[in-house]
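Please read them with the structure open.

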Amino acid sequence: MSAKPEWADKDYYADLGVSSSADAGEIKRAYRKLARENHPDTHPDDPQAADRFKKVAEAYDVLSNEESRKEYDQLKAMLRSGGGFGRRGGAGFPGGFRSTDEFDLSDLFGAQSTGAEGGNGGFGDIFGSFFDRGSGATRSARPSRGADVETDITLDFREAAKGTTIPVELSGNAPCTTCHGSGSKTGKTQTCGKCHGTGYVSENRGAFGFSTPCSECDGTGHTVPDPCATCNGSGTVHRKRSITVRIPAGVIDGQKVRLAGQGEAGPHGTPAGDLFVKVSVKSDDVFDRKGDDLLVTVPVSFAELALGDTIAVPTLDSPVRLKIPAGTPDGRTLRVRNRGIPKRGGKAGDLLVTVQVSVPRDLDAAAASALRQYSQAEKDAGFDPRADWAGNTAR
């Protein structure tokens with residue numbers, strides 16, 4: 001994942017309420033806590049909660065990934081030190097610089113942003129394509145990567161709650177099967193004659209030298225002397241492919257699932273991009289959800305509430321038995337532990353069962369007679385359902 005310029009305006013540590021030295025465990029715990037507190041399902045009428053949830057999710061997406069967190073920290077450190085453009089003695093780099101100075105920002109940050117494999121990352125990605133020292137300073141090529149891909153899928157409520165695997169059809173650049181993505185018949189490479197292995201070509205414009213990725217080698221710094229006939233030396237071909245995507249349990253509507261390295265293949269064997277699967281979740285006829293809790297409303301009779309009973313209630317799996325205490329009022333919610341939405345670590349939310357009295361529309365003569373006798377017995381016992389009702393002024 002490459003560093004992004006818009007990170008300069010974000011304080012992801014503050015968004016999660018952790019320090020910049022927080023370890024991965026602290027970051028995960030902070031995210032889970034804030035995600036639960038601001039989940040859209042728990043605040044359906046509060047658009048600000050949805051915004052807070054997205055902000056927390058974005059912060060966790062960057063800080064939970066070791067590579068992107070390193071790039072983010074490097075960018076923020078550079079900005080705190082005054083990195084920018086200014087004249088000597090003024091704001092900007094320490095000591096400033098003259099407008100006629102030629103400089104290469106990748107010299108300042110390239111060593112710490114280029115990994116052992118010479119991959120993407122760090123400030124070289126942000127600044128390296130804009131500025132280049134006109135004196136011909138050498139630097140290693142920074143291979144490009146394949147494009148990220150986004151696709152949409154729609155799941156049933158229960159599939160999203162329990163997790164599932166689903167085949168996804170994609171169309172785009174994939175590694176050439178003839179040359180295995182190298183672009184070469186024999187796997188041989190040679191230094192690019194246009195950029196001399198740097199991966200960039202430079203153009204002087206006044207005081208500055210601008211550099212762009214080399215079009216001859218796609219920024220890799222090398223070409224192939226014997227191009228593959230199938231892919232014409234690019235290492236990629238456009239084709240359809242099918243992959244199986246594992247959707248984790250508990251995914252919410254609108255959430256994106258990232259599959260690293262499953263996007264389009266990069267040229268000449270460079271890394272593939274990422275695949276982002278956006279999930280839409282259908283509503284369910286029986287269940288709703290509130291965070292990790294599963295909500296269900298169960299019809300019951302007056303007698304079951306008044307006398308107490310044990311009834312069967314549905315779950316995502318098999319039904320469970322629920323005891324209704326005698327005297328339970330209509331509309332009360334009863335809790336069944338660990339029968340809600342599955343969570344990581346094998347735990348689950350709770351099943352919240354709301355009991356709702358169902359009144360019969362037609363009674364036969366025997367049932368009607370028995371109900372009248374019961375009603376009279378209620379009155380004789382002094383029971384008044386509106387005795388404590390606020391609107392009752394008769395005393």
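1. How much accessible surface does the chain have, and what share of the surface belongs to carbon and sulfur atoms? The accessible surface comes to about 22900 Å², and 49% of that belongs to carbon and sulfur atoms. Accessible areas come from the Shrake-Rupley method with a 1.4 Å probe, and for residues only the protein chains shown count as cover.

2. On the basis of the note: this is a predicted model, in which local features need pLDDT of at least 70 and side-chain atom pairs count only at pLDDT 80 or more, while totals for chains, interfaces and linings use all residues. Residues are numbered from 1 along each chain as its sequence is written, and side-chain values use heavy atoms, with hydrogens and water left out.

3. On confidence: pLDDT is the predictor's confidence in each residue, from 0 to 100. The chain has a mean pLDDT of 79, with 78% of its residues at 70 or more. Over residues 84–142 pLDDT stays under 50. For that stretch the model has 120 contacts beyond four places in sequence, a contact being heavy atoms within 4.5 Å.

4. On the overall fold: the chain holds nine helices and 15 strands. These are DSSP runs (helices H or I, at least four residues; strands E, at least two), numbered from the N terminus. Of the 395 residues, 38% count as buried; buried means under 20% relative accessible area, exposed over 50%, and partly exposed in between (1.4 Å probe, protein chains only). Among contacts between residues at least 6 apart in sequence, 64% join residues at least 24 apart.

5. On Val56: this residue lies in helix H3 (residues 47–63). Val56 counts as buried because its relative accessible area is 5%. Beyond four places in sequence, Val56 contacts Asp15, Leu16, Tyr31, Leu34 and Ala35. Leu34 is 22 residues from Val56 in sequence, and their C-alpha atoms are 7.1 Å apart.

6. On Thr223: strand E6 (residues 222–223) contains Thr223. With a relative accessible area of 14%, Thr223 is buried. Leaving out residues up to four places away in sequence, Thr223 touches Thr189, Gln190, Thr191, Cys192, Glu216 and Cys217.

7. On Leu371: helix H9 (residues 365–380) includes Leu371. Leu371 counts as partly exposed because its relative accessibility is 48%. Together with Phe302, Leu363 and Tyr374, Leu371 forms a nonpolar patch on the surface, with about 390 Å² of accessible area in total.

Technical notes:
Patch = residues over 30% accessible without salt bridge, like charges linked within 9 Å, V, L, I, M, F, W, Y side chains within 5 Å. Salt bridge = Lys/Arg side-chain N within 4 Å of Asp/Glu carboxyl O.
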